[in-house]
Amino acid sequence: MSMETENVVARLKSSGLFRTKGLIGGKWIDAYDGKTIEVYNPANGEVIASVACMGERETKDSIASAYTAFSHWSKLTAAERSTRLRKWYNLLIEHKEELGQLITLEQGKPLKEAIMEVVSGAGHVEFFAEEAKRVYGDILPSPQPDRRLFVLKQPVGVVGAITPWNFPFAMITRKVAPALACGCTVVIKPSELTPLTALAAAELALQSGIPPGVLNVVMGDAPKIGNALLESPQVRKITFTGSTAVGKKLMVGAAETVKKVSLELGGNAPFVIFDDADLEAALKASLATKFFNTGQTCICANRLLVQEGIYDKFINAFSNAVKSLKVGNGFSEGVAQGPLINEAAVQKVESLVQDATSKGAKVILGGKRHNLGFTFYEPTIISDVKNEMLIARQEIFGPVTPIIRFKTEEEAIQIANDTESGLAAYLFTNNIQRSWRVCEALEYGIVGVNEGVFASPGAPFGGFKQSGLGRESSKYGLDEYLEIKCVCMGNMG
Ligand code: ADP
C-alpha cells in the first residue's frame, strides 16, 4: 500500500469506519464460506481491501433480519425515526472528510468532488428526516351518509436497494433515507467495485441509533444477491440505480412476486446550445456537465448539439477550456479529472471513439489514453458527430464530448429525442418562447434551461422512456416507499 492509502486507511480505522464485512442484523459478518473479493484504487491499481464476498445465504439472512426489524421500526412514531435519521445526518457531516477520502480511494474522483458528494448525499438524510413527519393520509368525501372514507399511507416493507459505483455514497442515501423515513427496512447491495463507502455509511447509521436489522449490507456475487432479493416474497420493493440492461432484468425478476420497482437507469443527455445563447454561460455549464466525475454520471452531457451559427466559435472556446482541465490522482491538489473506474470502462470509451472516427468524426482534442497510465483517459472533444454513430447512442461514461452540428430548432428537438433514453437534457437560449417550446418538447425527466448539471434532495430525479421508472429525492421520492390503503368505515349513521 502507498503511504497515502495507508494514511487514509489508518484514519478511517481509528474512527471505526474501515469496514470489510457485511452487516446483517447489526453484526459485521464474513461471507459464510470465507470468500473475499478485492477492492482496488482505480488511480494506481493497488489493492485497498479484501471484503466479504457474499451470496444467496447471507442475503436470505439479511432479508430475515430486515423483516424482523420492520415490525418495530415501522411502528415507531415518525418523530422517533426522524430523530435517528437526523443523528445519522450529523455523523455523516462530522465525518465528511474521511468519507470523502474513502470515495476518492475506491472510486477515484477528485477529493473536492468526493466531499461534495458526501455533503449532498447526507442532504438527502436531512431532507427525509424532515419529510418523515409529513407522510399525510387523506379524508375523502363519503359516497354514502353512513360511511366514512379515508386513506392511510403505510411503508411497503423490506426494500432491496442495489447501487452503482459512480456515486458510492449518494446513491445509498438517496434510497435508504426515504425508505427509513417511511418506516421501511433495507438490504443494500452496493457495487462490488466500491463497497467500502457503503459500509462506512452503515457503521455511522449504527452509531446514530438506527436499530440492528433496519439497515443491512451484503455484497459480492451480484446475480446471486439480486436473485435472492427478487425471489423473496418478504422483499416488497426493489430500488435500483445502474445500467439499463440490469434494470430490465430486475424488472422481469420482480414480476414473479409483483414487487414495487424503482429504476434509475442509463441516460444519453443532449446539451443543446442555440445561436442566441449566452455563450459564456453555456461554455461553463457544458464543461461542468460533461466532465463532472470524469464523465461518469447518468446525467452527464453525452452529446453536445451546437447550432451552426456558433459551432466553430464554440468549439474553439470549449477546446481552450478543456485543455486546462488537470488530470491526475484525485488526492492531488487542483485535479479536475480522475481515472476511469476500470479497464473495461477505458476500453468502452476507446471503442466508441474509434467507431466515431472511422465514420468521419474528427478528434479535436485528446482521443487516447493519458500518459499517466492505468485507467486515465485524456479529456476529449470530437466534432462532426452524427446522431447515428454509436458514440451518440450509447452512454459514454467517460471524458469524451461528441459535438453534433444542427441548423434549426426542429432539428435540435428531433436529434435530442432520437434515443431510447430520457433522463436529463439541457438547453441554452436567451429566447424565452424558445426555452418553453423546447423544454416542453424534450422527452426527458430532468431539464436544465440555461443551467447545467443539477440535483438536490428536494428535486425529483428520474427518467422518461428506458431511463427508468419512478422518481428519487423530493416529496415524490417518498411515495415510492409507501402503499396507499383505502379504509371505509361503515355503519356510521
Ligand atoms: P454499471 O455499468 O454502472 O456498473 P451495473 O448495472 O452493471 O451498472 O451495476 C449496478 C449495480 O447492479 C451494481 O451494484 C452491480 O453489482 C449490480 N448488478 C449487476 N448485475 C446484477 C444482477 N444480475 N442482479 C442484481 N444486481 C446486479
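1. A nonpolar core is here a set of buried Ala, Val, Leu, Ile, Met, Phe, Trp, Tyr and Cys residues joined through side-chain atoms within 4.5 Å, where buried means under 20% relative accessible area (1.4 Å probe, protein chains only). The model is predicted, with local features requiring pLDDT of at least 70 and side-chain atom pairs pLDDT 80 or more, while totals for chains, interfaces and linings use all residues. Residues are numbered from 1 along each chain as its sequence is written, and side-chain values use heavy atoms, with hydrogens and water left out.

2. The largest nonpolar core holds 82 residues, and Trp88, Leu92, Leu180 and Leu215 touch the most other members. Helix H7 (residues 195-207) gives the most to this core, with eight residues; helices (H or I, at least four residues) and strands (E, at least two) are DSSP runs numbered from the N terminus. Apart from this core lies another, of 33 residues, including Val272, Val400, Ile404 and Tyr444.

3. Contact denotes heavy atoms within 4.5 Å. Beyond its neighbours within four places in sequence, Leu92 is in contact with Leu99, Val118, Ala122, Val125, Phe169, Thr173, Ala201 and Leu204.

4. Helix H8 (residues 222-231) has Ile225, Gly226, Ala228, Leu229 and Leu230 buried. Their cover includes helices H2 (56-73) and H9 (244-255), together with strands E7 (158-162), E8 (185-189) and E10 (235-241).

5. An open sheet of seven strands has the order E14-E15-E16-E13-E12-E17-E18, with mixed pairing; two strands pair if DSSP finds at least two bridges between them. Strands E14 (362-365) and E18 (446-449) stand at the edges with a single partner strand each, so one side of each lacks a neighbour in the sheet. Neighbouring strands are turned by 25° against each other on average, direction ignored.

6. Within this sheet, E12 (residues 269-273) and E17 (residues 424-428) run parallel and are joined by three bridges. Phe271 stands opposite Tyr426 in E17. Helix H11 (residues 311-323) packs on the sheet, touching E12, E13 (301-307), E14, E15 (380-383) and E16 (400-406). The direction of H11 makes about 170° with that of E16; axes are lines fitted to C-alpha atoms, for helices over the stretch in contact, and angles run from 0 to 180 degrees between N-to-C directions.

7. Asn417 is found in helix H13 (residues 409-417) and counts as buried because its relative accessibility is 13%. The side chain of Asn417 reaches the backbone nitrogen of Glu443 at 3.0 Å. Not counting residues up to four places away in sequence, Asn417 touches Ala441, Leu442, Glu443, Tyr444 and Lys465.

Terms used: Buried means under 20% relative accessible area, exposed over 50%, partly exposed in between (1.4 Å probe, protein chains only). A polar contact is a pair of N or O atoms within 3.5 Å; within protein, one must be able to donate a hydrogen and the other to accept it, and residues adjacent in sequence count only if both atoms are side-chain atoms.
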